[in-house]
Amino acid sequence: MFIIVGKTIISLLCAGLAGGLIAFRAKIEKHLQNYDDRLVLLLAWVLTRLVPFVLIFLVFNQTPFSDLDGFFGQAREAVQLKLVYRDFYCMYSPFFPYVNALGLWFWLDKKAIILVMILMEGGALWTTNRFFADTISPPERLFRSLLYLLLPGSLVLCVLGGQEDVWMWLMFIGAYLVWQRTQRVEWLGVGLVVGFLFTKAVFILVGPALLFLVPKPIRWISAAAVAGVISLAVLYHTTEWLWLEQPMNEAATLRAPNWLSVANPLTFDVLGAGAKRWNWVGLLLTTGLGTILAYRLRQQPFPRAFSAVYIVIYGTMMIAQQSAYSNYIFLFLLPYVFQWLNFSDRKEVGLFLLFNCLCVIHPSLWWRLKSPYYHTISEVFAQPIYILDYTLQLGIVLLTFYFLRQVWQKATDF
């Protein structure tokens, strides 16, 4: 329970600081105009990422938890130059364990992987500033960067949880920036394949939506096809179908919260949680909504349109897939903070901070309850702690719906 209490205290503290930052936004943005934005951003990143890391893991010598055991085990195999999938199990894309292994070359400890995650998130924040450079003024971008760094969902999931979900946003906008710099849309296609190789299988969910957002689809699809065929041929030659089978096992794992974990006890388990059909329903819903929105936004500037489509796709995935859980908020925090958070709407700001706190606290509680999955409402009321768990699940699912609706309305009303 120490971890849960600690995360709760940190989350509330971060939410309070973030709320205070928003309350004085106008004055802070005006003040930020007098400073070098790159220097301020670097200093803020050091204070909110490296300093907590040093205090928690070096000064107080805490042991990393969450998914770090799995990441460390895979990276330890990768650092010995063993072959992913064939020599060790991996539910992520093939390059993922080798990136984590870079940290182990210098420090054979799980804490080194957290440093890798911190650096990758820092890269995502920097490229996000570049991504929105033409649509958001420098002081506002810097303010939104500071806010992001203080959010419970980013700070706790990155520094304490060592989560990797933000990598997908980094890879997408990294591919876009290469496209813009070279003025060759083919590089976007190659970049998408590279992003898939570094992250996880769900990276490809954005593909159908991009058909409406990116010009000259034949060119970038052809480039992606060539790069993809080469990559898959190498993977098949070295691991046969293991490169596909092992990541797909993730979809069969029941997690919470998502719509099914919330609805299942209310329907007395008649929904058949765990059935493969729900994976297909979630997949179709996720890609379908994203593609519909992309079609409606096809005339809008790419950064605005893509950020909305990206949030809708992975926000929907967060509650539509029965293997999803609340750590997935880390997938879309950056685009939401930079493009869609309305500071003048107190209700939205308050719910957004609450959403962050719930998504940070619930996973620790759920895992320490040994991942309960409720089949009847009587199971929920069997213990007070289960009532708390289910209440948090319901709150996260409802708030995810709320923010997806907010993004959809704001994007289509433009």
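This is a short walk through a predicted model, from the whole chain down to single residues. Local features need pLDDT of at least 70 and side-chain atom pairs count only at pLDDT 80 or more, while totals for chains, interfaces and linings use all residues. Residues are numbered from 1 along each chain as its sequence is written, and side-chain values use heavy atoms, with hydrogens and water left out.

Start with the chain. Its secondary structure comes to 20 helices and zero strands. Helices (H or I, at least four residues) and strands (E, at least two) are DSSP runs, numbered from the N terminus. The C-alpha atoms fill a box of roughly 60 × 60 × 50 Å along the principal axes.

Buried residues make up 56% of the 414 residues. Buried means under 20% relative accessible area, exposed over 50%, and partly exposed in between (1.4 Å probe, protein chains only). Among contacts (heavy atoms within 4.5 Å) between residues at least 6 apart in sequence, 78% join residues at least 24 apart.

Helix α3 (residues 37-59) and helix α8 (residues 152-160) pack at an angle of about 50°, with their axes 10 Å apart. Axes are lines fitted to C-alpha atoms, for helices over the stretch in contact, and angles run from 0 to 180 degrees between N-to-C directions. That makes α3 oblique to α8. Angles under 35 degrees count as roughly parallel, over 145 as roughly antiparallel, 65 to 115 as roughly perpendicular and the rest as oblique. Residues of α3 in the contact include Phe53 and Phe57, and those of α8 include Leu155 and Val159.

Next, the loops. Tyr85 is found between α4 (68-78) and α5 (96-104). Its phi is near 75°, a positive value in a residue other than glycine. Tyr85 is buried, with a relative accessible area of 3%. Lys370 sits in the loop between α18 (346-368) and α19 (377-380). Its phi is also positive, near 65°. Lys370 is exposed, however, at 76%. In the loop between α13 (242-248) and α14 (259-266) lies Pro257. The peptide bond from Ala256 to Pro257 is cis, with omega near 5°.

Last, Leu12 lies in helix α1 (residues 2-23). Leu12 is exposed, with a relative accessible area of 54%.
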